[in-house]
Amino acid sequence: MGYEELFPKNDVDGWHANAAKRFASPFVDNPHDRIDVDPIMLSHAAVACGFTIRDFYEKPELGIHCVGYISEMYDLLPVTHWFFSLPWIRELGMTLEYKDTLPPVPTGPILSSPEEIEALEPISKEDLKKGTTLPMFYNLYDYVSEHLAHTLVPISYGFDLVGAPAELIGVEEFIMYTFTEPDLAHKLVDTFVETSIAGADGLSDKYGSAMLIVGSVLANNDIFADEQVEEFSANYMRKYVDQSFRRGAGPQVFYHLCGNHETSYKVFRDKLVWSPFTVMHVGYQGPKVFPGELLKEEFEDVATCLGSVDTKLMINPNPKAVYEQSKELLLATRDAKKGYILGNSCECPPYTIPGNLLAMTRAARDYGTYGTW
Amino acid sequence: MEFIFSAEVKDVLARRGLKEDDVKAVVEYGESSKDKIVSGDRNLAKKEIGDITVYAEYGVNGGKATITTAYSHRMKVLGIVLDSEDTDWVYAKNGEKVRGGHTDLSFMGTTRSGPSLVEPKSGESWIEEYLAASALAAAEGLFEQKRA
């Protein structure tokens with residue numbers, strides 16, 4: 001039995017058709033019923049359908065079907081995505097272990113000497129096709145094409161261009177290298193970026209285009225100064241998107257600045273590549289969610305802005321708090337020049353309380369309808 | 001002016017639905033007005049022809065223009081949004097350095113920004129081939145789909 005037999009079909013002509021118009025509206029200046037809500041749904045979709053976090057990651061086709069199915073219940077996006085934060089590193093030699101309560105985690109560093117780092121080479125597109133990650137995404141999108149075609153967006157992930165290669169030598173060691181052996185740190189990041197570009201190339205070869213999702217996660221102000229975020233993250237995010245576009249990927253891009261970008265948010269605007277279909281997301285400013293006003297001021301000229309309701313609130317039994325924060329963000333950002341989407345500060349937590357997701361969409365219905373703002 | 005189109009370039013034109021006469025018109029415009037950018041012996045000129053902007057990249061030698069590639073896009077080029085870094089290109093009309101940047105592009109009533117080559121003093125922008133042929137072409141398709 002295929003996973004598709006576990007799910008009734010979406011209401012394609014009703015809910016989905018309306019959600020698709022809503023989803024398009026910020027990108028084509030064609031306001032629909034209300035501002036969209038994208039809580040960055042991942043394994044919560046599996047949990048909400050009665051499966052486990054492990055099921056979500058270990059069975060990608062099941063996971064993405066859960067996302068497509070449950071989005072209708074919450075009235076979210078009409079498109080599907082499935083990912084975890086460490087693509088391509090298996091091809092670079094790492095082993096990932098599936099966990100019951102987490103996305104796959106590496107079993108440990110595989111490089112320990114400068115000589116080993118120097119010898120590291122990017123993986124070519126041809127070799128990626130024989131590896132694990134690219135065939136996994138081919139299988140995933142082939143499944144979506146067959147069973148959830150109305151939700152298909154082929155996506156290639158460069159996510160997280162600093163954190164993923166850091167795992168090759170261990171995150172603490174990598175952070176030390178950025179100070180003591182920056183050339184080796186650059187070699188690690190560049191190798192991962194080149195491999196990720198080859199991955200985007202391989203995906204766009206098959207599907208004709210590939211949305212790009214790329215983040216600055218480890219490179220944030222809790223760990224690095226702005227100069228290092230620019231040097232090790234923003235510059236490589238630019239390279240990843242620019243080079244992937246040159247190989248046929250794009251035009252959609254989702255930039256995810258995860259964690260605390262209190263001042264480092266300033267290094268991205270002049271560095272990144274902004275396509276006509278770009279979404280910009282910043283998680284936190286210090287301990288607080290990134291302010292809507294600041295997100296709009298910095299990025300509204302170049303991208304659609306994605307807001308950040310604190311993920312901590314999503315597992316707190318207090319839907320009113322989620323509603324109030326959603327309202328505050330909507331009022332501050334809803335008139336962003338190139339559109340606004342209400343989101344969470346990071347992935348929707350697996351055990352998100354459904355009433356809290358309803359609070360987000362309720363706030364979008366109350367304060368995110370298009371009018372004279 | 002004599003024009004040289006190799007078999008490979010003719011094939012590119014055919015795939016992209018471009019006419020040789022239109023490409024010649026772009027080159028003639030670029031040469032007569034100096035409204036073109038130059039990098040070494042590479043020249044890139046653009047001209048709006050009907051609803052599209054056609055680009056020709058070419059070399060010039062002794063009254064002969066050798067076309068190396070040509071492409072087009074349907075988005076209208078508007079104002080510069082960002083300029084970020086120097087490139088090897090120079091705007092022939094004013095001698096200013098051309099920079100990498102972003103420009104607002106308008107299509108079907110929507111304005112969004114996209115990567116481009118820009119010359120801030122004149123306000124001129126050019127779209128590179130890799131973008132026009134893939135990401136922007138896909139974006140134009142998405143605009144049509146989403147506007148439907």
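In which sense, left-handed or right-handed, does α14(A) cross α15(A)? In this predicted model, α14(A) passes α15(A) in a right-handed crossing.

**The helix pair of chain A**

Two packed helices are described by the angle between their axes and the distance between the axes. Helix α14, residues 319-333 of chain A, and helix α15, residues 354-367 of chain A, pack at an angle of about 35°, and their axes lie 8 Å apart. On the side of α14(A), the residues that meet the partner helix are Pro319(A), Val322(A), Tyr323(A), Ser326(A), Lys327(A), Leu330(A) and Leu331(A), while α15(A) brings residues that include Gly355(A), Asn356(A), Ala359(A), Met360(A) and Arg362(A). Sorted by class, this contact of α14(A) with α15(A) has ten nonpolar, three polar and three charged residues.

**Chain B**

Chain B holds three helices and nine strands, and along the sequence these elements follow the pattern β-α-α-β-β-β-β-β-β-β-β-α. Its C-alpha atoms fill a box of roughly 45 × 35 × 20 Å when taken along the principal axes. Because a compact globule of 148 residues would have a radius of gyration near 15 Å, the 15 Å of chain B agrees with that expectation.

**Pockets and a cavity**

The spaces discussed in this section are listed with their volumes.

| Space | Volume |
|---|---|
| Largest pocket | about 840 Å³ |
| Second largest pocket | about 550 Å³ |
| Largest cavity | about 50 Å³ |

The largest pocket, with about 840 Å³ of space, is lined by 38 residues, of which Phe23(A), Val79(A), Val153(A), Gln252(A) and Lys146(B) are the closest to its centre. The elements that give two or more residues to this lining are α1 (12-28), β5 (211-216), β6 (252-260) and β7 (277-285) of chain A, together with α3 (129-147) of chain B. Among the contributors, α1(A) gives the most to the lining of the largest pocket, with seven residues. By class, the lining of the largest pocket divides into 26 nonpolar, nine polar and three charged residues.

The second largest pocket, of about 550 Å³, has a lining of 28 residues, and the closest to its centre are Ser85(A), Pro103(A), Phe159(A), Val217(A) and Glu347(A). At least two residues of this lining come from each of α3 (53-58), α8 (163-169) and β6 of chain A. The lining of the second largest pocket divides into 20 nonpolar, five polar and three charged residues.

There is one cavity of 30 Å³ or more. The largest cavity is lined by Asp38(A), Pro39(A), Met41(A), Val67(A), Ser71(A), Leu76(A), Leu77(A), Val79(A) and His81(A), and by class this lining has six nonpolar, two polar and one charged residues.

**Backbone details in loops of chain A**

Most residues other than glycine have a negative phi, and most peptide bonds are trans. Against this background, a cis peptide bond joins Phe159(A) and Asp160(A), with omega about -10°, and Asp160(A) has its place in the loop between β4 (155-157) and α8 of chain A. Another cis peptide bond joins Gly250(A) and Pro251(A), with omega about 5°; Pro251(A) is found in the loop between α11 (226-246) and β6 of chain A. Ile40(A), a residue other than glycine, has a positive phi near 55°, and Ile40(A) lies in the loop between β1 (36-38) and α2 (43-48) of chain A.

How values were computed
Residues numbered from 1 in each chain as written. Chains lettered and ligands numbered in written order. Predicted model: local features only at pLDDT ≥ 70, side-chain atom pairs only at ≥ 80, totals over all residues. Heavy atoms only, no water. 1 Å grid on protein atoms, 1.4 Å probe; cavity = no way out; pocket = protein on both sides within 12 Å on 5 of 7 lines; lining within 4 Å. Points joined across faces, edges and corners; volume = space filled by probe spheres on them. Nonpolar A, V, L, I, M, F, W, Y, C, P; charged D, E, K, R; others polar. Axes fitted to C-alpha atoms, helices over the stretch in contact; angles between N-to-C directions. Helix = DSSP H or I, 4+ residues; strand = E, 2+ residues; numbered from the N terminus. Left-handed = near helix turned anticlockwise from the far one by under 90°. Contact = heavy atoms within 4.5 Å. Rg over C-alpha atoms; globule rule 2.2 N^0.38 Å.
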